[in-house]
Number of protein chains: 2
Amino acid sequence: MDYYRAKRILSQVKIIDIKTGKKIILLNKEVAEENDIYIGQRVGIKIGKEEHAVIVDLTEELVRKGEVGIFKDIAEEYGLKGGEIVEVFPLPYPISLEAIRKKINGYSLSKEEIESIISDLMRNRLSEAEIAAFIVSSQIRGLGDEEVIHLINAMVNSGEVVEFKEKPILDKHSIGGVAGNRTTMLIVPIVAALNLKIPKTSSRAITSPAGTADTMEVLAEVEFSAEELKEIVEKVNGAIVWGGGVNIAPADDYMIRIRRPLRLDPQGILMASILAKKKAVSASHVIVDIPIGSSAKIEDFSQGKQLGKYFQRIGEMIGMKIGVVITDGSSPIGNGVGPSLECRDILRILRGDKNLCYPLMEKSALLAGKLLELSGKATRNQGYEMAMHVIKTGKALKKMKEIIEIQGGDPNVKEDDLPLGSYTFELKAPRKGRIKHISNKAISKVARDAGAPKDKGAGIEILKNKGDVVKRGDIILRIYSESESKLGYAIKALEEFKPVVMDKILLEEML
Amino acid sequence: MDYYRAKRILSQVKIIDIKTGKKIILLNKEVAEENDIYIGQRVGIKIGKEEHAVIVDLTEELVRKGEVGIFKDIAEEYGLKGGEIVEVFPLPYPISLEAIRKKINGYSLSKEEIESIISDLMRNRLSEAEIAAFIVSSQIRGLGDEEVIHLINAMVNSGEVVEFKEKPILDKHSIGGVAGNRTTMLIVPIVAALNLKIPKTSSRAITSPAGTADTMEVLAEVEFSAEELKEIVEKVNGAIVWGGGVNIAPADDYMIRIRRPLRLDPQGILMASILAKKKAVSASHVIVDIPIGSSAKIEDFSQGKQLGKYFQRIGEMIGMKIGVVITDGSSPIGNGVGPSLECRDILRILRGDKNLCYPLMEKSALLAGKLLELSGKATRNQGYEMAMHVIKTGKALKKMKEIIEIQGGDPNVKEDDLPLGSYTFELKAPRKGRIKHISNKAISKVARDAGAPKDKGAGIEILKNKGDVVKRGDIILRIYSESESKLGYAIKALEEFKPVVMDKILLEEML
């Protein structure tokens with residue numbers, strides 16, 4: 001009712017020499033008051049015959065009555081040079097806001113309502129407060145399975161879809177929080193070497209010292225379009241690319257901007273976000289790794305199992321076969337933590353080096369094996385052997401070289417070519433004993449302070465892991481950093497968070 | 001854990017010639033990435049020995065590495081001229097965010113937690129998304145009475161408090177939504193004429209065609225400091241000022257910026273917001289008017305009664321005696337709708353003009369009477385008579401003149417001096433009949449389109465009200481506007497929303 005017809009404010013464009021990265025225009029405060037337009041309101045701007053939605057910011061001086069301030073980046077996008085006459089007008093209350101209010105009031109949302117939220121999100125028609133209202137109400141009220149399905153479909157439709165002629169299309173997902181858990185870079189070449197397609201999109205680190213995309217980037221390019229991803233997979237069966245570059249299910253990336261500072265991950269939205277990225281690459285068979293541990297994202301076994309069942313239930317509803325493995329996430333998996341150091345682990349395993357990291361190899365073979373069983377390539381309980389065979393015969397290495405090469409990297413890269421920070425610090429065992437625990441969270445914190453993932457050569461090499469017996473003076477871990485000051489920060493974090501806990505042998509003295 | 005020690009980024013100040021009205025600084029995107037600072041994050045900035053909290057915006061070009069962009073208004077506030085070296089550093093996760101997360105998870109908040117939210121709100125340490133998270137979770141989870149009390153106290157402490165030596169201090173509040181419901185401008189002079197203190201703060205219109213502050217502004221100044229408000233009331237017992245100018249309970253004004261676009265008014269927050277403004281002027285006896293009607297804010301009688309009880313319960317807990325009257329809010333109360341037209345109603349009533357608006361006079365005397373009874377000035381059921389007597393003997397007019405004068409207006413103002421728009425339109429009865437209903441919402445919409453409250457002389461004069469019998473051609477209402485185009489908008493709104501509904505006499509013809 002408020003906007004039954006739009007009053008049109010004719011305004012002359014004044015270019016403001018700033019890029020804001022947001023779709024904001026500047027109006028004179030008095031003009032806004034006269035037209036009942038408030039700060040932060042969505043309005044329309046008509047340029048020639050095109051209409052765009054933008055947010056209003058107010059100014060008393062910079063923009064006079066009769067003018068509209070347009071920031072440089074918007075000006076470029078809309079092809080404005082200054083001096084043009086445009087129309088500014090209030091926009092109707094977005095349908096999506098009615099849907100968000102419905103969720104606040106505890107109702108389930110229809111397909112159309114969820115589509116309206118994703119569509120308005122993509123068109124910049126929802127403010128940060130409004131997106132927060134959707135996230136908070138989804139957290140409190142919960143999202144039903146049908147709503148999650150609608151959300152998945154709406155997210156998939158918000159971006160590009162990669163389609164293949166044949167099935168199956170394989171994929172995997174790991175719930176994060178475990179340091180050095182770089183299984184993707186082994187699973188992809190194993191699966192692809194067996195002539196199955198696996199178009200893997202991965203994330204960059206947000207709060208961890210390395211995402212798969214950051215790690216793969218040490219060896220090859222990771223930014224490809226949806227079309228390029230398809231081409232790569234058509235040629236060599238596998239790819240490891242950055243999901244953020246592919247423009248698949250981009251709606252999720254918009255929401256993460258709000259979810260992150262609020263530290264809110266409503267289960268339904270998280271589920272939709274993960275599975276939309278799988279559906280957008282046409283995945284038919286997906287293995288999900290849920291690591292459990294006191295310093296991992298999920299601490300409790302039954303919680304992990306519940307999540308696993310949730311994955312399978314939603315998967316079934318969208319025609320995606322999902323296998324779940326719950327794994328030990330109590331300590332870091334790989335020896336290396338940080339992009340280069342993690343790559344070194346991968347290359348050593350593929351090459352069969354005598355110093356290879358067994359836990360990472362075994363976990364990767366386990367996951368790959370279950371995925372092979374899920375897709376019907378391997379018979380029940382034969383997947384692990386098949387995956388190990390692919391590694392041990394060098395077929396996985398050969399495939400990885402093909403993937404590196406097609407993604408623009410050097411297929412003959414050696415461990416010694418990988419960048420490593422030249423500032424190092426060694427943590428030595430203060431006494432004889434057994435390593436009881438290594439905290440993922442504390443290791444991640446130290447590795448980030450050392451410079452990872454931004455500095456590819458920064459991170460931590462773990463030389464003694466959980467369960468190992470050490471004697472006084474043994475090196476437990478080594479920090480690598482590319483600058484002395486970052487090494488200093490990392491050492492301070494090491495002292496503060498004490499990632500390594502040793503068993504006490506002597507519990508009490510009663511002399 | 002994320003910010004156990006702050007890395008300090010030394011940066012040279014670059015002044016950006018824009019006023020944003022928000023505490024935002026600009027950082028170079030690369031610098032932010034290197035330091036794990038994301039867009040929209042709160043950081044600290046240390047200038048000399050002082051530290052301030054600001055929000056980060058990112059730029060790729062405008063600010064180089066080693067620089068920090070400071071907008072003009074912040075530069076003025078912090079005394080920066082450009083070129084200074086300042087420190088930028090991440091701030092710890094605000095305690096208030098933990099409190100907001102607790103509310104999201106359904107827990108009650110302690111005094112300290114609620115204080116942290118209001119304090120961080122006042123210090124610009126909460127983003128719009130975070131404030132929205134608090135409002136949405138308060139709406140869904142609800143606020144307990146104790147939480148509302150904490151909120152009232154925290155809001156009161158966020159601003160100035162007006163204190164008086166004697167008691168009682170009287171006050172009133174009307175739930176909005178009824179056009180022409182300008183009782184405050186009669187209740188204040190009635191009460192003050194009886195030597196009781198009533199330091200009334202009122203709001204400006206947000207979505208209505210006139211708030212009491214907008215209307216009083218036709219007659220006198222309304223912007224006064226807390227100290228001036230106190231002085232005025234000490235001298236003449238009554239005042240009618242704009243609450244937004246007094247700096248009482250300002251925390252609420254911050255929240256309204258978010259509540260308004262979301263159209264969310266969680267009951268507990270609304271209650272706290274209303275009563276904090278009363279407590280901040282030391283009110284001891286308050287009358288609350290709850291109008292009920294299909295086009296008012298509250299449509300249902302039992303809902304109104306519940307709200308009334310809620311007012312009384314919370315009032316008792318903070319030592320404030322609250323009387324509640326539930327009134328007929330089905331149609332506009334005054335003849336005038338819009339600042340000048342409403343003033344005309346007030347002056348006519350005070351002067352005893354033959355064209356005075358009886359419903360407005362009676363309702364005002366009823367409310368004033370109940371307030372007098374509540375405070376012990378009048379005995380039970382004698383308040384109305386006492387109030388009417390004050391009006392009819394001219395004592396209320398005399399007092400109003402004193403208030404107008406002390407607030408800088410002309411005490412001898414006549415109705416004819418009031419500005420009235422010269423563009424008018426008359427709605428005439430199309431046939432004989434009885435007025436069945438006049439919609440508050442539709443009347444407000446038409447009056448706003450005519451220019452109210454910004455144009456003081458714009459609005460609607462209602463000549464025939466609910467229940468009146470009219471014959472064909474009788475003028476039902478007259479629209480006043482200060483410009484032809486706005487009159488045009490108002491006429492269109494009149495046609496679209498049809499605020500006047502007439503009884504059908506002939507229901508069906510069977511000839």
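**Close-up views of a predicted two-chain model**

View 1. For a chain of 511 residues a compact globule would have a radius of gyration near 24 Å, and the value for chain A is 26 Å, which agrees. Along its principal axes the C-alpha trace of chain A spans about 80 × 55 × 50 Å, and 52% of the 511 residues of this chain count as buried. The secondary structure of chain A amounts to 19 helices and 18 strands.

**View 2. Helix α15 of chain A, residues 358-375.**

**View 3. An open sheet of 4 strands in chain B.** The strands of this sheet are arranged in the order β12-β15-β17-β13, and their pairing is antiparallel. At the edges stand β12 (336-337) and β13 (423-428) of chain B, each of which has a single partner strand, so one side of each is left without a neighbour in the sheet. Between β12(B) and β15(B), the latter covering residues 459-462, there are 2 bridges, and the two strands run antiparallel; within this pairing B:V337 stands opposite B:I460 of β15(B). Helix α18 of chain B, residues 440-449, packs on the sheet, where it touches β12, β15 and β17 (475-481) of chain B, and the direction of the helix makes about 130° with that of β15(B).

**View 4. The side of chain A that touches chain B.** Here 30 residues of chain A are in contact with 31 residues of chain B. The elements of chain A that each give two or more residues to this side are α1 (29-34), β4 (50-59), α5 (128-141) and α11 (251-262), and the largest share, 10 residues, comes from α5(A). Sorted by class, the side of chain A that touches chain B holds 13 nonpolar, 7 polar and 10 charged residues.

Definitions and conventions: Residues are numbered from 1 along each chain as its sequence is written. Chains are lettered from A and ligands numbered from 1 in the order in which they are written. This is a predicted model: local features need pLDDT of at least 70, side-chain atom pairs count only at pLDDT 80 or more; totals for chains, interfaces and linings use all residues. Two residues are in contact if their C-beta atoms, placed from the backbone, lie within 7 Å. Ala, Val, Leu, Ile, Met, Phe, Trp, Tyr, Cys and Pro count as nonpolar, Asp, Glu, Lys and Arg as charged, and the others, Gly among them, as polar. Two strands pair if DSSP finds at least two bridges between them. Axes are lines fitted to C-alpha atoms, for helices over the stretch in contact, and angles run from 0 to 180 degrees between N-to-C directions. The expected span of a helix is 1.5 Å times one less than its number of residues. The radius of gyration is taken over C-alpha atoms; the globule rule is 2.2 Å times the number of residues to the power 0.38. A residue is buried if 20 or more other C-beta atoms lie within 10 Å of its own, exposed if 12 or fewer, and partly exposed in between; C-beta atoms are placed from the backbone.
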